[in-house]
Structure formats: structure tokens, C-alpha cells
Amino acid sequence: MTPSSPEPVPSSSAMAARLETIQRRIAAACRASGRASAGVTLTAVSKTQPPEAIEAALAAGQRVFGENRVQEAQGRWNSRRDGIVGLELRLIGPLQSNKAADAVALFDVIETLDRPKLADALVAAGVRVGKPVRVLIQVNTGAEPQKAGVLPGDAGELVDYARAAGLIVEGLMCIPPAEEAPGPHFALLRKIARRHGLETLSMGMSGDFETAIRFGATHVRVGSSLFGERKGPETPSMD
């Protein structure tokens with residue numbers, strides 16, 4: 001069977017329509033949960049997308065973007081970083097300690113802190129770059145051996161470690177197992193966050209963000225519903 005071709009890059013008007021549809025779905029999910037839609041931020045997962053797709057999203061008003069790889073994100077955003085008012089970049093892919101300085105220089109938030117060694121590297125990078133480092137701690141709610149993230153039972157210890165080290169720990173992130181219902185994983189993340197006084201919950205992707213909102217998501221990561229299928233090499237799904 002011949003592999004299907006990637007979807008064509010949506011036009012600016014098509015991108016605006018897709019963005020409006022997603023925002024309507026977010027608003028409806030918030031209403032159903034008795035929440036204000038302003039409490040949920042849409043993170044557009046722009047990994048592997050061509051420049052035309054990024055420009056279309058920006059033209060449609062999207063300002064929060066998630067990227068998986070530091071080097072790829074540098075090529076995409078370094079030339080745009082200072083010219084867009086309100087732009088926020090969030091690293092949502094695994095981070096190697098030796099890339100910490102580059103990540104801190106480019107991104108506003110690192111969502112994938114999952115070990116003390118990385119916490120130390122981010123602290124040192126923040127000192128070198130001269131900026132406070134905002135992080136989320138990634139929790140491997142399904143205890144999947146192939147997936148990054150601290151185990152649920154160890155999350156509190158890492159929260160305490162990161163705070164003591166000087167990082168700004170804003171919340172938690174998770175990616176539930178693909179073959180399991182996401183609700184229990186979102187509920188677990190919310191429970192851990194409440195236990196440690198954390199308000200930000202990055203959870204929910206294209207196929208389950210409405211469920212995530214029901215369980216308290218403050219940031220949802222949407223890629224394929226906005227941009228269409230991937231246009232380049234894949235990494236483990238973050239959207």
C-alpha cells in the first residue's frame with residue numbers, strides 16, 4: 001500500500017477557521033465543566049510544520065506554540081522570536097541536559113522536567129542566560145518504560161527538589177498511554193498537582209482535550225487538528 005501524502009498546508013483562511021473551531025470546542029467543554037474558557041490556553045503543536053503553516057497560524061492570531069526538539073525549534077523561531085508580540089514558546093518534548101542552555105534561551109516554559117540532573121542543568125542555564133526558568137514536571141502517569149516522565153510516586157520529591165534548586169515550578173504535564181482511557185490519568189495528574197499546590201496542568205491533545213478540560217487542564221496541546229498530518233520526521237506524540 002502506498003503511504004498517504006501529507007495534507008496540504010492550510011491557507012490563512014482555512015487555518016483561521018480551524019483555530020476558531022478548536023476554540024469553540026474549548027469554550028463548550030469549559031461551559032460543560034462550569035469553567036471560564038479564559039482559564040484554558042491552546043498550545044499549537046508546531047513541530048515538523050513548514051514555515052507557511054506557522055505563518056498561517058500566526059496570522060490567525062495564535063501566539064502559544066509547543067515544540068519537541070530544541071534544534072528544530074531554533075531554526076523555526078530564532079528569526080521570529082523578537083518580532084511577534086505576545087509569543088510564548090513551550091518545550092513539550094524530552095530534553096537532554098546538554099541542551100539545557102539552548103532550551104532556556106529560546107523557550108518561555110520547559111514542560112518536560114523529569115529528573116534532578118536536568119533540574120540542575122536548567123538552573124545553571126538560567127544563571128548563564130540571565131533569566132528565571134519556568135518549568136512543568138512531566139509525570140509518566142502510565143509508568144510506561146519507553147516514555148519520559150517521573151513516576152507518580154516520585155513526583156512530589158522532584159517538585160520539592162526543583163523548587164529548592166530555584167526553578168519556578170508552575171505545574172505538571174502528562175501524556176496518557178495511547179491504548180488507555182485518558183480520564184483516570186488526567187485525574188491522577190490533577191490529584192498530584194493539588195497535593196503540591198500547583199495550578200498549571202498541561203494535558204489533553206487533539207483527540208482528548210475536551211476530556212482533559214473536564215479534569216482541570218489549563219493548557220491543551222493541539223497539533224493535527226490544527227495543522228493536519230505531520231510534514232516531517234516523527235517523534236513520540238505530544239499532541
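Gly66 of strand S2 (residues 64–67) stands opposite Arg90 in strand S3. The two strands, S2 and S3, pair in the parallel sense over four bridges, where pairing requires that DSSP finds at least two bridges between two strands. Strands (E, at least two residues) and helices (H or I, at least four) are DSSP runs, numbered from the N terminus. This is a predicted model, in which local features need pLDDT of at least 70 and side-chain atom pairs count only at pLDDT 80 or more, while totals for chains, interfaces and linings use all residues. Residues are numbered from 1 along each chain as its sequence is written, and side-chain values use heavy atoms, with hydrogens and water left out.

- Arg90 has Val109 as its bridge partner in S4.
- A right-handed β-α-β unit is made by S3, helix H4 (residues 100–106) and S4.
- In strand S3 (residues 88–91), Glu88 and Arg90 point one way, Leu89 and Leu91 point the other way, and all are buried. Buried means under 20% relative accessible area, exposed means over 50%, and partly exposed lies in between (1.4 Å probe, protein chains only).
- The loop between S3 and H4 contains Gly93, which counts as buried because its relative accessibility is 0%.
- Gly93 and Val150 are 57 residues apart along the chain, and their C-alpha atoms are separated by 14 Å.

**The aromatic pair and its neighbour**

- A pair of aromatic rings is described by the distance of the centres and the angle of the planes.
- Rings of Phe, Tyr and Trp (its six-membered ring) pair if their centres lie within 6.5 Å; planes under 30 degrees apart count as stacked, over 60 as edge-to-face and the rest as tilted.
- The count comes to one aromatic pair. Its rings, those of Phe65 and Trp77, have centres 4.8 Å apart and planes at 50°, so the pair is tilted.
- This pair links distant parts of the chain, with Phe65 in strand S2 and Trp77 in helix H3, 12 residues apart.
- Phe65 counts as buried because its relative accessibility is 0%, and Trp77, at 0%, likewise counts as buried.
- Arg80 places its charged end over the ring of Trp77, 5.9 Å from the ring centre. A charge sits over a ring if NZ of Lys or CZ of Arg is within 6 Å of the ring centre and within 35 degrees of the ring normal.

**Salt bridges**

- The count comes to 12 salt bridges, each being a side-chain nitrogen of Lys or Arg within 4 Å of a carboxyl oxygen of Asp or Glu.
- Arg80 forms one of them with Glu55, and the closest N and O atoms are 2.6 Å apart. This pair links distant parts of the chain: Arg80 is in the loop between H3 and S3 and Glu55 is in helix H2 (residues 51–59), 25 residues apart.
- Arg80 counts as buried at 15% relative accessibility, whereas Glu55 counts as partly exposed at 39%.
- Asp114 and Arg115 form a salt bridge with their closest N and O atoms 2.6 Å apart; Asp114 is buried at 17% relative accessibility, and Arg115 is partly exposed at 28%.
- Lys147 and Glu144 meet through their side chains in a salt bridge of 2.6 Å, N to O. Lys147 is partly exposed at 22% relative accessibility, and Glu144 is buried at 10%.
- A network of salt bridges links Glu88, Arg90, Glu111, Arg134 and Glu170.

**Cysteines**

- A disulfide is a covalent bond between the sulfur atoms of two cysteines.
- The count comes to zero disulfides, the cut-off being a pair of cysteine sulfur atoms within 2.5 Å.
- The cysteine sulfur closest to that of Cys30 is in Cys174, 17 Å away, and this is too far for a bond. Accordingly, Cys174 is in no disulfide.
- Cys30 is buried, with a relative accessible area of 0%, and Cys174 counts as buried at 0% relative accessibility.

How values were computed
A crossover is right-handed if, with the strands pointing away from the viewer, the path from the first strand over the helix to the second runs clockwise.
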